[in-house]
Amino acid sequence: MKRSSSNLLKTSRAALAALCAGAGAGLVPALAQSVAGPVTYRLDPNHTFVTFEVMHFGTSTLRGRIGPVNGEVTVDRAARTGDLRLRIPVATLSTGSRALDARLREPDLLATAEYPEAYFVATTFRFDAAGGVKEVRGEFTLRGVGEPLSLVARSFACRQDAMLERQVCGGDFEGALKRSRFGATMGLPFVGDDVHLVVQVEAIAP
Amino acid sequence: MTKFSLLAVAAALGFAASAHAESATYAIDPSHTFATFEIGHFGTSTNRGRFNKTSGTVTLDKAAKTGALDVTVDTTSLDTGTAAFTKHISSDEILNVAANPTAKLVANKFVFNGDKVAEIDGNLTLNGKTNPVVLKAQNFNCYMNPMVKREVCGGDFDATIVRSQYGVSYGLNYGFPDNVHLVIQVEAVKQ
């Protein structure tokens, strides 16, 4: 992490300089990059995180961040199909409170010793008229239990990234699940059953 | 007891309760109080960072519908999930946390909607500069917490600030937005 950290800092500065010089950070319409056949994008772990939100005693929203998330997504814009297979490192969860993190990792909640990763396999993609991703649907597996999950785009855009000299597509997605369906029942009903997922994702074209 | 006398007793109790209502002090619960910022990333996705350490006190008078707070955020506790991003935001190019290790929110105007806090108007000091800020409640509630056996009040608040007003102008000319969305979870324990 340390090595890539300093590289990231250097490259992001270079990118900013390039942008400043007028290389252009403008968004490109998704279809402008449309090519025949499927394209596989690599997730950018620096900009791909899952945040879960759950209501605490009907009062405030408890949040935890999971990630960075690595993975790949394949999109065929012409055919309007896609394929996403994510391994989500649940054991990296971070709420800002070490005590809460430790509690959440226990067997009656996220059981991270036995199930350090969650999985999202989505093969149903919905696109808008411009070719942007509107929704991905598939199966989410947590604590070894698979349930259907839909992630809906709150925003989605592609840009030509000046630093990477590649197209980058991504956005903010949201989904909802009931933790009890996955057997994570501790604290019900004082800590809510409804879990709201907020997903930041960016993916880099080859 | 007749219905009438029950009502009379209830009214008398209600009167007594409000007559004796006083402002109570609540201490911020650091394990359920976090400020998160959200800022757009090249029009594509939203970058987030969370401050892990917050402390302070809130006074609340539910009968008089008034309140005040004095909360300090440890800016050195920033946590974005990416070491390089955390380091850069903490640097003197952006939040300069070495020179300004705390941010402060001081407010003495609470707006109520019924018995719930709906809005907090105060002053935010960030990067050594102070500007007025209005926090809107998305949720507000008080409950008896079975673990600490005390009343806990809290909620979810948000606000949009203009970072250049705090002297945080890095990257504005590269397309990083000036508007930053603050998302705040807060719970405070009655003392």
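Helices (H or I, at least four residues) and strands (E, at least two) are here DSSP runs, numbered from the N terminus. By this definition, Val117(B) has its place in strand S8 (residues 116-126) of chain B.

The structure is a predicted model, in which local features need pLDDT of at least 70 and side-chain atom pairs count only at pLDDT 80 or more, while totals for chains, interfaces and linings use all residues. Residues are numbered from 1 along each chain as its sequence is written, with chains lettered from A and ligands numbered from 1 in the order in which they are written.

**Chains and confidence**

Two residues are in contact if their C-beta atoms, placed from the backbone, lie within 7 Å. A residue is buried if 20 or more other C-beta atoms, likewise placed from the backbone, lie within 10 Å of its own, exposed if 12 or fewer, and partly exposed in between. The table sets out the two chains in these terms.

| Chain | Residues | Buried | Share of contacts (residues at least 6 apart in sequence) that join residues at least 24 apart |
|---|---|---|---|
| Chain A | 206 residues | 37% | 59% |
| Chain B | 191 residues | 34% | 55% |

Chain A has two helices and eleven strands, arranged along the sequence as α-β-β-β-β-β-β-α-β-β-β-β-β. Chain B likewise has two helices and eleven strands, and its pattern reads α-β-β-β-β-β-β-α-β-β-β-β-β.

The pLDDT is the predictor's confidence in each residue, from 0 to 100. Its mean for chain A is 87, and 83% of the residues of that chain reach 70 or more. Over residues 1-32 of chain A, however, the pLDDT is below 50; this stretch has 47 contacts in the model beyond near neighbours in sequence. Where pLDDT is low, the predicted coordinates should not be read in detail.

**Contact between the chains**

Chain A brings 37 residues to the contact and chain B brings 33 residues. On the side of chain A that touches chain B, at least two residues come from each of several elements, including helix H1 (2-23), helix H2 (98-104) and strand S9 (145-161). The most is given by H1(A), with six residues. By class, this side has 17 nonpolar, 15 polar and five charged residues; Ala, Val, Leu, Ile, Met, Phe, Trp, Tyr, Cys and Pro count as nonpolar, Asp, Glu, Lys and Arg as charged, and the others, Gly among them, as polar.

**Strand pairing in chain B**

Two strands pair if DSSP finds at least two bridges between them. Strand S4 (residues 54-61) of chain B pairs with strand S1 (residues 24-28) of chain B in the antiparallel sense over four bridges, and Val58(B) in S4(B) is the bridge partner of Tyr26(B). S4(B) also pairs with strand S5 (residues 66-74) of chain B, in the antiparallel sense over eight bridges; here Gly56(B) has Val71(B) as its bridge partner. S4(B) and S5(B) form a hairpin with four residues between them, and Lys65(B) in the turn has a positive phi of about 55 degrees.

**Nonpolar cores**

A nonpolar core is a set of buried Ala, Val, Leu, Ile, Met, Phe, Trp, Tyr and Cys residues joined through C-beta atoms within 7 Å. In the largest, of 40 residues, Val50(A), Ile88(A) and Ala203(A) touch the most other members. Apart from it lies another core of 36 residues, among them Leu69(B), Phe85(B), Val117(B) and Ala137(B).

Val117(B) counts as buried because it has 23 C-beta neighbours inside 10 Å. Leaving aside neighbours within four places in sequence, its contacts include Phe110(B), Phe112(B), Ala137(B) and Phe140(B).
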